[in-house]
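Colleague: I'm new to this one. Can you show it to me and take a few questions?

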Amino acid sequence: MASRYEEAHAGVEVILNFAASSELVTQIDNGAPADVFASADEQTMNRLADDAVGARVFATNRLQIVVEAGNPENIRTLTDLARPGLLYITAAPEVPVGRYAARVLAAAGVEVTPRSLEANVKSIVSKVLLGEADAGIVYVTDVRAAGDRVTGVAIPDSLNVEARYPIVALGGSSNPVGADDFVSFVLSATGRQVLLDFGFGAP
Amino acid sequence: MLAIVLATLAVAVFALPFLGLLWRMPWSRVGEVLGSAVARDALWVSLQTSVIAAAVSLLLGLPLAWVLARANFPGRSIVRALSTLSMVLPPVVGGVALFFSFGRRGLFGQYLDDWFGIRLPFTTAGVVVAQIFVAMPFLVLTIEAALHQVEERFDDAARTLGATRWYAFRRVTLPTVRPAIIAGVVLAWARALGEFGATITFAGNYQGRTQTLPLATYLALESDPDAALVLSLVLIAVSFAVLVGLRDRWLGSRRVPGRAVVAA
């Protein structure tokens, strides 16, 4: 997305900073010089209150069970995650995907005790990829991004949650014109196509 | 004069962040946070693991420091470099390396699992292992430096007077480097207590089992910054108390090597 924007706007450099949404909000609260913020859920975006007026959902995402490549533990359903001896990890409840995953499990009536509450979704993928954890619930886009180093197990639509991603040009930005421009680009048809190409859903 | 100015600046570098912390401290919430299960569990995990890590670091690190300082063998510089390598390694990288060696699928970990059923990742023992990995170099470095300063000829003098190697070590060398040993243990303990990257990577984060005080503080920062401040206060208070308490009693007294040589 950033490279497409830079191509279309000569001379503009887009600096990206990735982390768990909750961590980013803490940074912004403490003065990080950000112009645009995109969050993995609306609850985290709301923490910014006045600074995030006008936030709009630009993409959606779905959850998927991630397991080691080849699915050696033969996990087929959410209920399989509760299997004794299975090492399931999730994200801490402060992190959006941690809350989304809890909702999915609650909807399925499955009770699992995680072995670890990770600080962000990428470390869940890494640990499953390395074979140190058996399974985790992450976004479909994460499974896709990891390619054939992991295997994804689908969650039935009826139990899945739709993660809604809002984006906003921050009130405290020192470059409001550039910020608005970038947000418009993300919301445009071009931006939407980029997101769809990577596996995100339309807003 | 310049020295005083620079020294004052140095003190400011250390003091200002703490002053900032105290200034923002939500004093009215201290009791509530300290009484919470999260805080108590985190403190217990942290104290338990850091003390064990410091003890193991002493048990293994003291002999290593002695061998590095006294024995002359080929490849000594490589061994020394290896012993202190984890000090310069980013802690998260250390955590990943621990996965590759002691993880479920690790080089050695897979045998630990197959033969003994021992699993280190995501366990309290895993926290201790991660802490030892990052903390032991501090102990080795401190003690080895001190051993270099103690002249070998005192050892030799004691031996010519009939002392065994072990006796000479115990009664001659050890008392002289005692301040350095204590300093080394304290440094290793402090490093273990504050460890974050390697533990969160290798041992994960789970209240009561692997969530140390630094981990609890980091996560609290995202949901309840006030609680994070109080947890920080606990860490600082504990560390401060140990450092101040120990410094006065043990590290203050300096004994001249010459005076340490007392015939058995």
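Colleague: How do the axes of helix 8 and helix 9 of chain B cross, and within what distance do they come?

Modeller: The axes of helix 8 (residues 152-160) and helix 9 (residues 165-194) of chain B come within 10 Å and cross at roughly 135 degrees. Axes are lines fitted to C-alpha atoms, for helices over the stretch in contact, with angles from 0 to 180 degrees between N-to-C directions. Helices are DSSP runs of H or I, at least four residues, and strands are runs of E, at least two, numbered from the N terminus. This is a predicted model: local features need pLDDT of at least 70, side-chain atom pairs count only at pLDDT 80 or more, and totals for chains, interfaces and linings use all residues. Residues are numbered from 1 along each chain as its sequence is written, while chains are lettered from A and ligands numbered from 1 in the order in which they are written.

Colleague: What is the orientation of helix 8 of chain B to helix 9 of chain B called?

Modeller: Oblique, because angles under 35 degrees count as roughly parallel, over 145 as roughly antiparallel, 65 to 115 as roughly perpendicular and the rest as oblique.

Colleague: Which residues make the contact?

Modeller: Helix 8 of chain B uses B:Phe154, B:Asp155, B:Ala158 and B:Arg159, and helix 9 of chain B uses B:Ala168, B:Val172 and B:Thr173. Two residues are in contact if their C-beta atoms, placed from the backbone, lie within 7 Å.

Colleague: Zooming out, how many helices and strands are in chain B?

Modeller: Chain B has 13 helices and zero strands. Its C-alpha atoms fill a box of roughly 65 × 60 × 35 Å along the principal axes.

Colleague: And what share of chain B is buried?

Modeller: 36% of the 264 residues of chain B. Buried means that 20 or more other C-beta atoms, placed from the backbone, lie within 10 Å of the residue's own.

Colleague: Which residues of helix 4 of chain A are buried?

Modeller: Among them are A:Pro96, A:Val97, A:Tyr100, A:Val104 and A:Leu105.

Colleague: What comes after helix 4 of chain A?

Modeller: A:Gly109 follows, and its phi is positive, near 70 degrees.

Colleague: How many residues of chain A are in contact with chain B?

Modeller: 14 residues of chain A are in contact with 15 residues of chain B. On the chain A side, helix 2 (21-29) and strand 4 (116-118) each supply at least two residues.

Note on methods:
Buried ≥ 20, exposed ≤ 12 C-beta atoms within 10 Å, placed from the backbone.
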